[in-house]
Amino acid sequence: MKPIVERFFRYVGIDTQSTWEAETVPASSNEFVLGQMLVDELKALGIENAWMDDKSYVFAKIPSNQDHPVPPVAFFAHLDTAPDESGANVNPRIIENWDGTDIVLNEDKQIILSKEEFPSLQNSIGKDLIVTDGNSLLGADDKAGVAEIMDAAEYLCTHPEFPHGDVLICFTPDEEIGNSTEYIPIENIPAKYGYTMDGGELGEINFETFNAATAIVTIHGAAIHPGEARGKMKNAILLANDFINHLPWRESPVNTDGYEGFYHVTDINGTVDRAQLTIALRDFTDEGYARRKQRVQEIADHLNQYYGENTFCVEVDDYYFNMGKEVEKYPEVKDYALKAMEMAEVTPVILPIRGGTDGSSISFMGIPCPNIFMGSANSHSIYEYCTIQSMEKASEIIRNIIWLFAR
Ligand SMILES: [Zn+2]
C-alpha cells in the first residue's frame, strides 16, 4: 500500500466524530488520540517542534532551508468527522482501477454506490476508489486532507534539497460543529498565507464563502383557555407559521444554487404562549447579506402592525463572512494555488462554497486562506468516497505551492 494510503487508513481508524451536544473542546476525546498520533509521526519525521495544546490543536513548523526571505505558508486540515453519520469502525476498501460498474458497499443492507445515483462518480472511472462498508462515513473529510499534508511534510523532510520557506502545519478539532476556529490560538501560526485542505473532488478550489448570519425570531403569544379564546388568543405557533410564510420561498436552499443566497429555517419550537424560529441567512454579496437581514426585520415589523407591537422580536448575529474579500487583497495566494494545480496537470474548478470553511475565519484573522480539494465526494454520508490519485495530486499541489513561494 502507498504510504499516503496507509496514513489515511490509520487516521480513519480513529473515531473522531463531533457531536452538537458535546460540552467539551474537543467534542470527542479521540481527537486527542489522533492529534497525539500526528504529533508523534511529525516528530518521527524529524520535526521536533510538533506539539498539541489542551484543546487538541496540533501545530508544527518545518523551518526554511533558504537564505533569502520567503513568506511562511500554513496548511490546515481538521481532525473531526461530521455528526451526521457514525465515524466508528470505519472499514475502508480500495477498488483498484474502477470500471464504472455498481459498487455493493454492503451486501446485507443492499447499499449500492452507483454512478447513476451519484453522477460525479463518472470522473473516477479508471481510478483507485476508496469506499466505505455502508455502516459509517469514510472520514476522507477531512482525514484525506490530514494525510495529504502529512505526506507533503514527509516529502520535505526526506528531500532536503527541495527549496522551501517556513512551512506551518495546523490540525484543528471540531470543524464540523463550527468550533474549529473559535478557540484557535492564531499566534501559534505565524504565516503570511494559508490553505485549508478541506474541499471536494479533484481540482476543486474555493476562494469565496457565504456571508452567514443567524436570525432568532421570538414570538410572544397570548395563552388563554381555548373555550374562551375568541378574539383574545394569540397562538405563537400559528404566528411562527405566518412568519415562515412571509419568507420568499424561492430563496430557500432547495430552490437555489451557484451564487444565489437563501433563507433557511433550521429550527422551530414553541407553545401557544411563546415560540422561537431560527433562520440561517446566507449571501455572497455584502448588499444581499444586508438586504436579507433587513428583510427579516421588515417581516417582523409588518406582522407586528397586525398582531401588536413586540409580538415578533428579531435578533440577528453574524456568524462568518465571505473570505473572498480578504483573499482578493492578496492575488498571489490565488495565483500560486492555480499555478500549483497547473504544474500538477490538474484543471482547477473554481467554485464558491455554499457554506463556510475554517478559511473564512482564518482569512479574517490575517492569513488569507483559500480552500483546496482533498479529493472526496459525498461527505458526511455512508456514500462518501475518495480516490488515491486525487489524494496524491493534492499532496503534489501542496509541494508545488511551497516550491512556488520559495522560488
Ligand atoms: Zn471538512
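In this predicted model, one salt bridge is found across the interface of domain 1 and domain 2. That interface also holds eight residue pairs in polar contact, with both residues of each pair at pLDDT 80 or more. Domain 1 covers residues 3-208 and 323-406 of the protein chain, and domain 2 covers residues 211-320.

**Interface between the domains**

- The centres of domain 1 and domain 2, taken over C-alpha atoms, are 37 Å apart.
- Contact between the two involves nine residues of domain 1 and eleven residues of domain 2.
- About 790 Å² is buried between domain 1 and domain 2, and carbon and sulfur atoms contribute 50% of that area.
- On the side of domain 1, the residues that lose the most area to domain 2 are E208, P352 and R354, which together account for 61% of what that side buries.
- K325 and D286 are joined by a salt bridge in which the closest N and O atoms lie 3.2 Å apart.
- The side of domain 1 that touches domain 2 comprises, by class, two nonpolar, four polar and three charged residues.

**N322, in a loop**

- N322 belongs to the loop that runs between strand 14 (312-320) and helix 6 (324-327).
- This residue counts as buried because the relative accessibility of N322 is 4%, which falls under the 20% limit.
- The side chain of N322 comes to 3.0 Å from the backbone oxygen of F284.
- Apart from neighbours within four places in sequence, the residues in contact with N322 are E208, T209, F210, N211, F284 and F364.

**T196, in a strand**

- T196 is placed in strand 9, which spans residues 193-197.
- With a relative accessibility of 2%, T196 is likewise classed as buried.
- The side chains of T196 and N371 make a polar contact of 2.8 Å.
- Beyond neighbours within four places in sequence, T196 is in contact with F76, T357, D358, G359, C369, P370, N371 and I372.

**Salt bridges**

- The model contains 14 salt bridges by the rule applied.
- E41 and R7 form one of these, with their closest N and O atoms 2.8 Å apart.
- This pair connects distant parts of the chain, since E41 sits in helix 2 (residues 30-44) and R7 in helix 1 (residues 3-12), 34 residues apart.
- Both partners, E41 and R7, are buried.
- A network of salt bridges links R7, R10, E41 and E154.
- E326 and K329 meet through their side chains in a salt bridge with an N to O distance of 2.9 Å.
- About one helical turn separates K393 and E396, because they are three residues apart in helix 9 (residues 388-406).
- K393 is partly exposed, with a relative accessible area of 26%, and E396 is partly exposed at 23%.

Key
Residues are numbered from 1 along each chain as its sequence is written. This is a predicted model: local features need pLDDT of at least 70, side-chain atom pairs count only at pLDDT 80 or more; totals for chains, interfaces and linings use all residues. Side-chain values use heavy atoms; hydrogens and water are left out. Domain bounds come from an automatic or database domain assignment. Contact means heavy atoms within 4.5 Å. Buried area is the accessible area (1.4 Å probe) that two parts lose on being put together, summed over both. A salt bridge is a side-chain nitrogen of Lys or Arg within 4 Å of a carboxyl oxygen of Asp or Glu. A polar contact is a pair of N or O atoms within 3.5 Å; within protein, one must be able to donate a hydrogen and the other to accept it, and residues adjacent in sequence count only if both atoms are side-chain atoms. Ala, Val, Leu, Ile, Met, Phe, Trp, Tyr, Cys and Pro count as nonpolar, Asp, Glu, Lys and Arg as charged, and the others, Gly among them, as polar. Helices (H or I, at least four residues) and strands (E, at least two) are DSSP runs, numbered from the N terminus. Buried means under 20% relative accessible area, exposed over 50%, partly exposed in between (1.4 Å probe, protein chains only).
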